Amino acid sequence: MGDRVRRGRAALGAIGAGTMLLALVGCGAPPWAQGGGQTTPSSSPTVSASTTPVPAPVPNDLSSGSTEKKVTAGAIAATVKYWSTLSMDRWTATALKPVSISMDTTVTPNDGQQVYLQRATMTAVPGNATQSFAPLTPQVDQSNPPGYVVLSPYSYSQTFNVGEVPAEATFVTLQFTYEFLLQTTPTSSDFAKQTASDTLTVAIARDATPAG
């Protein structure tokens, strides 16, 4: 009788195991079998950092208050100093902006002939990083013939003015033209004309925002 009881329990155990297997099959594939046994990593969103471009600094030949240039015209070498009596923070679009110059020359070879400055012209051209605006009316200083004596130790001085420029302008280019007469010999009334040019860039300051 004991053997029959053991055989009955074994049969019940087999039936129970079969029932559990059917239950698992009926519920579909187990979690560890889904996806071929591999897990797909979650993708992290890509964050792109937005940067605001920094405008390039505006060049300013008068940032230190003055500058000195050397220009040549044939046998004539001119040393020209430029400065402004108006501080750079007041070089606004609407201000009257003075530019002063001082010049003397040497000539090679120096046989005793004289050098004269017949005419000096300044043309101001406003602009910004993307465009140039219409030039302002040229300013001219013209001497009676033969001109101003500019051979060292004599010198020439003058002040020109840059008027109002467009509000969008961030700088102004100053174009200078110097027209010289060089005496052909120390006693001659004949002259050779020589022309030199020079350029300065000066930054335009922003108008101060009125206090609210």
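## Overall architecture

What pattern does the protein chain follow when read along the sequence? In this predicted model, the order of elements is α-β-β-β-β-β-β-β-β-β.

Of the 212 residues in the protein chain, 33% are buried. Among contacts with a separation of 6 or more, 66% are between residues 24 or more positions apart. The accessible surface of the protein chain is about 13600 Å², and carbon and sulfur atoms hold 56% of that surface.

## Nonpolar core

The largest nonpolar core is made of 38 residues. Within this core, the residues with the most contacts are Val-162, Leu-174, Phe-176, Tyr-178 and Phe-180. At least two core residues come from each of β1 (66–73), β2 (76–83), β3, β4, β7, β8 and β9 (191–203). Strand β8 gives the largest share, six residues.

Tyr-178 is one of the residues with the most contacts inside the core. Setting aside neighbours within four places in sequence, Tyr-178 is in contact with Val-80, Tyr-82, Ile-101, Met-103, Leu-117, Arg-119, Ala-120, Gln-194, Thr-195, Ala-196 and Asp-198. Two of these partners, Arg-119 and Asp-198, return below as members of salt bridges: Arg-119 pairs with Glu-179, and Asp-198 pairs with Lys-69.

## Salt bridges

How many salt bridges does the count come to? The count is three. One of them joins the side chains of Asp-198 and Lys-69, with an N to O distance of 3.3 Å. Asp-198 belongs to strand β9 and Lys-69 to strand β1, so this pair ties together parts of the chain that are 129 residues apart in sequence. Asp-198 has a relative accessibility of 11% and counts as buried, whereas Lys-69, at 22%, is partly exposed.

Glu-179 takes part in the other pairs described here. The side chains of Arg-119 and Glu-179 meet in a salt bridge at 3.1 Å, N to O. This pair links distant parts of the chain, with Arg-119 in strand β4 and Glu-179 in strand β8, 60 residues apart. Glu-179 also forms a salt bridge with Lys-193, where the closest N and O atoms are 2.9 Å apart. Here Glu-179 in strand β8 is linked to Lys-193 in strand β9, 14 residues away. Through shared partners, Arg-119, Glu-179 and Lys-193 are joined into one network. Glu-179 is buried, with a relative accessible area of 9%. Arg-119 is partly exposed at 28% relative accessibility, and Lys-193 is partly exposed at 49%.

Is Gln-113 buried or exposed? With a relative accessible area of 7%, Gln-113 falls under the 20% cut-off and therefore counts as buried. Gln-113 sits in the loop between β3 (97–107) and β4 (115–127).

The side chain of Gln-113 reaches two backbone atoms of the chain: the oxygen of Pro-109 at 3.5 Å and the nitrogen of Asp-111 at 2.8 Å. Apart from neighbours within four places in sequence, Gln-113 is in contact with Val-107, Leu-151, Leu-182, Gln-183, Thr-185 and Pro-186.

## Val-165 in the β7–β8 loop

Val-165 is located in the loop between β7 and β8 (171–183). This residue is buried, with a relative accessible area of 5%.

With neighbours within four places in sequence left out, Val-165 is in contact with Ala-93, Pro-126, Leu-136 and Ile-204. The C-alpha atoms of Val-165 and Val-125 are 8.7 Å apart, while the two residues are separated by 40 residues along the chain.

## Cis peptide bonds

Most peptide bonds are trans. Which residues are joined by a cis peptide bond with omega of about 0°? These are Pro-145 and Pro-146. Pro-146 lies in the loop between β5 (139–142) and β6 (148–149).

A cis peptide bond also joins Ser-152 and Pro-153, with omega of about 20°. Pro-153 is in the loop between β6 and β7 (156–162).

Terms used:
Residues numbered from 1 in each chain as written. Predicted model: local features only at pLDDT ≥ 70, side-chain atom pairs only at ≥ 80, totals over all residues. Heavy atoms only, no water. Helix = DSSP H or I, 4+ residues; strand = E, 2+ residues; numbered from the N terminus. Buried < 20%, exposed > 50% of the residue type's maximum accessible area, 1.4 Å probe, protein only. Polar contact = N/O pair within 3.5 Å; in protein donor to acceptor, adjacent residues only side chain to side chain. Contact = heavy atoms within 4.5 Å. Core = buried A, V, L, I, M, F, W, Y, C linked by side-chain atoms within 4.5 Å. Areas by Shrake-Rupley, 256 points an atom, 1.4 Å probe, with all protein chains shown as cover. Salt bridge = Lys/Arg side-chain N within 4 Å of Asp/Glu carboxyl O.
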